[in-house]
Amino acid sequence: MTQFAAVTFAETDLDSIADAAGRVAVVVSPDGKLGPSARRVNKLTRGALKRLVESEGFPKAEGSVITLNWPAGLVAEALEIIVLARRATAEDVRGAGAALGKSHDTRDLLLLGGNLVPLPELIEAAVLRAYDYTDHKTEETKPLGAITVQSNDAEATKAAAADLLAVAQGVFFTRDLVNAPANDLTTSSFADRLSEMSALGLKVEVLEEDELQRLGMGALLSVGQGSASPTKVVVMQWKGGGDEAPLALVGKGVVFDTGGISLKPAGGMEDMTMDMGGAGTVAGAMRAIALRKARANVVGLVGLVENMPDGLAMRPGDVVTSMKGDTIEVTNTDAEGRLVLCDVMWYAQDRFKPAGMIDLATLTGAIIIGLGHHNAGVFSTDDALCNALIGAATDVGEGAWRMPLGKAYAKQLKSRVADVNNVGGRPAGSITAAEFLRRFVKDETPWCHIDIAGVASVKAETTFAPSGGTGWGVRALDRLVRERFEPKG
């Protein structure tokens, strides 16, 4: 697993600034006022910092970061000036932290936080952005330099940052899974990686094909018929609460998606290594929840499968039977994610009777047409759960937008030969996919479906991540668990 930079915490020590190697970062306010650490830096640099903040070119925009290379009076190779008010907005803090993280390399960083209130969030953003997937590069990769954070109350800063750094580990785990090539991340190796999380206190079970057949998961099993990789369901339980029903997180884990017999075009098919993004997000969220020892009951379930074309592959026109008992006409074998999810969702409700259920999937290209790469699409049958989820995503800076459901969309799924068709045509493709899944949600289960096709892996860098896997959703789900499913106080 990709490791982020080591972070340590110390009390403010003005005498240590001059001899700090690597990089030194100091916070100044937008009006140019200098705190104690900044004043010491200014003295050491013979007034260079003050001249900068008093110059016409000094940016007043909060969240800006200015780099002075080889500053006189310091051993450090670079001085980073962070423009933030003591109580800066979350967006500005994220921007500044991400800028620090983007430029973080093998050099150590001394971050002079002083009495900055959102200092833990600044650290989190820097750690999240300083990510690089190098598992398959042969050149030696040196570890990132350590980050030493000085503040006026080191213990309080450390305590406040602890959970954020635990969640960052979950984000890195998700990114590694999403970025991994399909010949590395097979269904078996994926299950093995999840099984290893039992060391964190999770109870992990792997359901093999014979058990899935016994349970009647015909929809899920049909997707993997053409692959040499066995279909699996992995169940991860975290029991940090009392006797209350758990929150269920369900993820689509298609480790590679050719489209099956409804073969995708060759151009861009290499990106289908990320079609397990929903399962990756669930795995990362469960890792984060376990690492910070959340006081809640959460169960994560992922369906792991590969969609390949061969002589045994599911065909267009086939009719399969779900665990629920509904028959499904498969008009398009490339609409396989919903076949994976519907059985795992039904199993989750049958076995765990959850207090709420959220599924995540890189489900449709249609959601990208509607929302681009800035927001995930959220569909729900429960306003309270949906509002809490979108609120959590907003709080951590992850875009989410609620989309509609309705009987008119469900009618598009009518089949001549079965209970339901797996596709509803081109119009409203992401909505009809959600309506398909809605058939497999029991009336008593609060439910949200999140289509993360546009946000799980992106070509351009985001605030928190370089191009590739983003880890979108790990932080939002963890925040939702904290705010809605853990006791207050």
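Predicted model: local features only at pLDDT ≥ 70, side-chain atom pairs only at ≥ 80, totals over all residues.
As for where the lining comes from, the elements that supply two or more residues are helices α5 (154–179), α10 (337–352), α11 (366–371) and α14 (429–438), along with strands β9 (247–257) and β18 (457–458). Top contributor is α11, which puts in 3 residues.

## How much space

So how much space lies in the largest pocket? About 1200 Å³. In general, you can see where empty space is left by rolling a probe the size of a water molecule over the atoms.

## α4 against α5

Helix α5 turns up again in a helix pair. Its axis and that of α4 (residues 119–129) come within 9 Å, crossing at roughly 25 degrees. Angles under 35 degrees count as roughly parallel, so that's what α4 and α5 are to each other. The crossing is right-handed.

On the α4 side, the contact is made by Leu119, Pro120, Glu121, Ile123, Glu124, Val127 and Leu128. Facing them from α5 are Thr157, Ala160, Ala161, Leu164, Leu165, Ala168, Val171, Phe172 and Arg175. Sorted by class, the contact of α4 with α5 has 12 nonpolar residues, 3 charged and 1 polar.

How values were computed. Residues numbered from 1 in each chain as written. Heavy atoms only, no water. 1 Å grid on protein atoms, 1.4 Å probe; cavity = no way out; pocket = protein on both sides within 12 Å on 5 of 7 lines; lining within 4 Å. Points joined across faces, edges and corners; volume = space filled by probe spheres on them. Helix = DSSP H or I, 4+ residues; strand = E, 2+ residues; numbered from the N terminus. Axes fitted to C-alpha atoms, helices over the stretch in contact; angles between N-to-C directions. Parallel < 35°, antiparallel > 145°, perpendicular 65-115°, else oblique. Left-handed = near helix turned anticlockwise from the far one by under 90°. Contact = heavy atoms within 4.5 Å. Nonpolar A, V, L, I, M, F, W, Y, C, P; charged D, E, K, R; others polar.
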